Amino acid sequence: MTNLAAIKAKLNFPLSDDAYSLALLDRGLVSASTYAVTDKRSLELTWADLVYTLASTPNTTEGGYSISFSNRGDLLKAADGVYLKYGIRNPLRPIATFKSKF
C-alpha cells in the first residue's frame, strides 16, 4: 500500500489526489512510496492536517459524505488529540501571548 492509499483509507473522505499528496509532502512523506508502520506518526499528523482542511471548507455534500457545522467541532477535537498525542502544537491554531505592563 502506498502512503497515498493509506491516508485515503484513514481519512475516508473524497479529496483530490493533489490535496492528499500536498498534505503528505508537508509531513515528509512521498505519495507513491510504500507505507511503513514507522511512518505512522507522520501519517496521523497528515490526517490531522487534512481534518483541519476539511473543517475550514464550507458545508459540503459529495459522494454520500457531508460535513456541516454540527460535526466540525468533533472533527477538530479528534485532530487536536493527534497533535497532543505527539506533543506538537497545532500549527493551525493561533497562539495568544500576553505581555505584562509591569
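Predicted model: local features only at pLDDT ≥ 70, side-chain atom pairs only at ≥ 80, totals over all residues.
Residues are numbered from 1 along each chain as its sequence is written, and side-chain values use heavy atoms, leaving out hydrogens and water.

**View 1. Helix α3, end to end.** Helices here are DSSP runs (H or I, at least four residues), numbered from the N terminus. Of the 16 residues in α3, 13 are buried, so the rest of the structure largely encloses this helix; buried means under 20% relative accessible area with a 1.4 Å probe, protein chains only.

**View 2. The one aromatic pair in the structure.** Y52 and Y83 pair up with ring centres 6.3 Å apart and 50° between the planes, which makes the pair tilted (Phe, Tyr and Trp rings, the latter by its six-membered ring, pair if centres lie within 6.5 Å; planes under 30 degrees apart are stacked, over 60 edge-to-face, the rest tilted). Y52 belongs to α3 (residues 40–55) and Y83 to α4 (residues 69–85), so the pair links parts of the chain 31 residues apart. Both Y52 and Y83 are buried.

**View 3. Where α1 crosses α2.** The axes of α1 (residues 3–11) and α2 (residues 17–26) come within 10 Å and cross at roughly 105° (lines fitted to C-alpha atoms over the stretch in contact, angles from 0 to 180 degrees between N-to-C directions). The two helices are therefore roughly perpendicular (65 to 115 degrees). Contact, meaning heavy atoms within 4.5 Å, involves N3, L4, I7, K8 and L11 of α1 with D17, Y20, S21 and L24 of α2.

Methods. Buried < 20%, exposed > 50% of the residue type's maximum accessible area, 1.4 Å probe, protein only. Parallel < 35°, antiparallel > 145°, perpendicular 65-115°, else oblique.
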